[in-house]
Structures are given as C-alpha cells and as structure tokens.
Amino acid sequence: MNKIPPFDVSQQYQQIGDRLNQAALDILASGQYIGGQPVSQFEAEFAKYIGSSHGVACNSGTDALYLAMRALNIGEGDEVITSPFTFFSSAETISMAGAKPVFVDIEAHSFNMNVDLIESAITPRTKAIMPVHLFGRSVDMTKLMAIAKKHNLYVIEDCAQATGAKFAKQMVGNIGDVGCFSFYPTKNLGGCGDGGMMTTNDPQIAEKLKILREHGSPKRYYHEYIGMNSRLDSLQAALLQVKLPYLDKWNDQRRAISDRYTDLLKQANIPDLVTPHHCPESVWNQYTVCIGAGKRDYVQAQLREQNIITMIYYPLPLHLQSVYANLDHQKGDFPVTEDICDRVLSLPMFPELTTEQQDRVVSTLKDILK
Ligand SMILES: *Cc1c(COP(=O)(O)O)cnc(C)c1O
C-alpha cells in the first residue's frame, strides 16, 4: 500500500514550481537578499489580504508573538492568558518576554480556549489575552473582545495555524491588537523555510514592531531598545508572494476535504470516534478526531501498519510540561485539555489529498475500530 503522509508540502511545488523557480532566480540575480522591495511588497499584499493597515514581516511565527509582546510593553510582572492546548510557542514567547502565562481550559468541541473561563483568570497583573486559533478554527472573538475591552487588556492573536480563517466574517489577525502568523512550511500559507508576519491597524505599534525586529534601531547604528535580528529573507518573501494568490483556493480544498471526511466518518458510524465540530469559517490546518479513552495510541499504530501516517497534536498540555514546573500546576487543573490530549488524532490533511486516499483512511479506521 502506498504511504499516505500527514501532509505533503512538495505538492504545491508540483503545481507552481515554474513560478517559484523564477521568483527564486530573480532574487539570486538581484543581489537584494535582505529587505528591499520583495519584503515590502509581500508585507503590503499580505496586510491587504488580512484587511489590516500594516504588515510587518519577521523570521518566524514564534518571533512574531514575541515581538508583539515586546511592542505592547508586556514583560516582568505581567500575566498573559492563553490556552494550555497549543504549540509550545504560544506560552514560550510569553515567558521569553518575562511575563507569566496563565492558562484557561479549552472547550472539547472546538479545541480552543473556553472564553467563558477568561474573566475568572484575570488578576491586577493581567496585561493581555492570547487567543490561539488552533487547527485553523477561530476562537469566539466576539465574546473575547468584549472581555478584553471591559478589562482594558491587549489581544495578541496567535494565527499561526489559521491564515485565512474568519470569525463572524472578520479575518483572524485583524480583530485583536496584533495578529501573528507563521509561514512554516506546513501552515496554510507555507514558505520554503521559516517566516512570520505581524498585522496591526495601529501605526505606532507597527512602527515599534519594525524597530524591534531590527535591533531596536529606528535608524541604522542608533538603538532605542534591546531588539533582535528577525527579518524575513527576500527569498522567502518572493516565494510567499507567488503563493499568496492561491491561498483561498487551497483553503477551500481543505474545507471540502474536511466536509468529506466528516460525511464519510459519520456514514461509517465508527464506535469510539468523534468527528470535529462543523465550522465553515475554519481553514482546517488539521482535521482532528477524538478516539475513545485508552485506544488512541493503538489506533495510530494500526494506521501506521497500513502506511497511513497520523499526528498527535499535542500529547502533553503546556501546564504539565517540565519547563513549567515553576507554575505549580497539577494533573487535573485543566481536565478538558488533559482528556483531549489523550484522545486527539490528526488525520492526513493537505489541499491535494485525493478522494481515494480519504476513502482508504476512513475504511482503515473502520476496520481498526469496528
Ligand atoms: C507553528 C506555530 C507557532 C510558531 O510558528 P513558527 O513559525 O514555527 O515559529 C506558534 N503557534 C502555533 C499555534 C503554531 O502552530
């Protein structure tokens, strides 16, 4: 049986390789390798796509989150509320800035932070909320923004897995104070290396983000802050500029695949398998099912035997990571998150996944769990 991978980023190269080759060769010949027009053009086009007045490119999604925190003066003594069920970067960057990550539990049906729990986590030290739009699906931003406004908190959106997703018709990344995006190759808009972007509608925040990403230096060799070197390479900017016009099509393909997975899985009526909640505004970076308690690892191993490779995002919640022992959390603090970590399984998902491949994933799952 042919292998069905969890993602296959080389397929985009099959489709538009000629245009990517040309863009890369143009950069190589130009001698403009850092900054310049390729980066400013991509920043403008990406900001326009999101609907924000400013786009500031940087070296990764992780840097975007960290720089956003710094631009908003979040640091020592401050607290930022986020989800314990996310990639490590979300909390890591809060800690890198010197602040403390404060977790609230998630909702089982959306895998996202339970917005109704935010207010009870707010203290006099709370400076910001960091919603993470996990697996391509937005947090309830209407409720979240109302809470942020009431308590005068910043909102930094972690959009790393949700480029192009919306909440109530609004693009994620254009709802809070700063939107942070990743162009890691497996994200919805993936580069050919690392890359990131911050979006904002506040010109002062945009200016500070630009200064911080370049050694805290508004003018070369004059430094106002301790910043960093976090620029997007001209090469990546040029390649991402080629890919951006295809993003909506690729996201539509992901939506169609997710609808079809759900239809097939429901028809198959597989015991102990829960399909993800329907969400037409999600961009389905992952299609994640939940398997009955205690069976998930067995199911994953059996699928692997059949050459179907699945992923577990994420096996250990952030509040139980050894590096956060100092936060003094116990098992049981966030029961929904802990239960979900034991049950999630992300099925193969990429825009080019074929119907035959999907059929095989579903029938194999049915055989394993029948
Ligand atoms: C990928 C990811 C990041 C980090 O992005 P990088 O570009 O890999 O640094 C942050 N948050 C979430 C939720 C992610 O999935």
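This is a predicted model: local features need pLDDT of at least 70, side-chain atom pairs count only at pLDDT 80 or more; totals for chains, interfaces and linings use all residues.
Salt bridges first: I checked the interface of domain 1 and domain 2 and the rule found zero.

Polar contacts next. Across that interface of domain 1 and domain 2 I got 23 residue pairs, both partners at pLDDT 80 or more.

Then I looked up which elements carry the domain 1 side. Those giving two or more residues to the side that touches domain 2 are helices H1 (10–30) and H4 (89–96), plus strands S3 (100–103) and S6 (166–167). H1 gives the most, with four residues. By residue type, the domain 1 side that touches domain 2 splits into 22 nonpolar, 13 polar and nine charged.

I have 44 residues of domain 1 in the contact, and 36 of domain 2.

Now the area. How much is buried between domain 1 and domain 2? I noted about 3300 Å², with carbon and sulfur atoms giving 61% of it. Which three residues supply more than any other three of the area that domain 1 buries against domain 2? They are Phe103, Phe135 and Asn188, and they supply 20% of that area.

One cross-check on my list: Phe103 falls within the range of strand S3 (100–103), and Phe103 is also one of the three residues in the area entry.

Page summary: zero salt bridges between domain 1 and domain 2, but 23 residue pairs in polar contact.

Note on methods
Residues are numbered from 1 along each chain as its sequence is written. Side-chain values use heavy atoms; hydrogens and water are left out. Contact means heavy atoms within 4.5 Å. Buried area is the accessible area (1.4 Å probe) that two parts lose on being put together, summed over both. A salt bridge is a side-chain nitrogen of Lys or Arg within 4 Å of a carboxyl oxygen of Asp or Glu. A polar contact is a pair of N or O atoms within 3.5 Å; within protein, one must be able to donate a hydrogen and the other to accept it, and residues adjacent in sequence count only if both atoms are side-chain atoms. Ala, Val, Leu, Ile, Met, Phe, Trp, Tyr, Cys and Pro count as nonpolar, Asp, Glu, Lys and Arg as charged, and the others, Gly among them, as polar.
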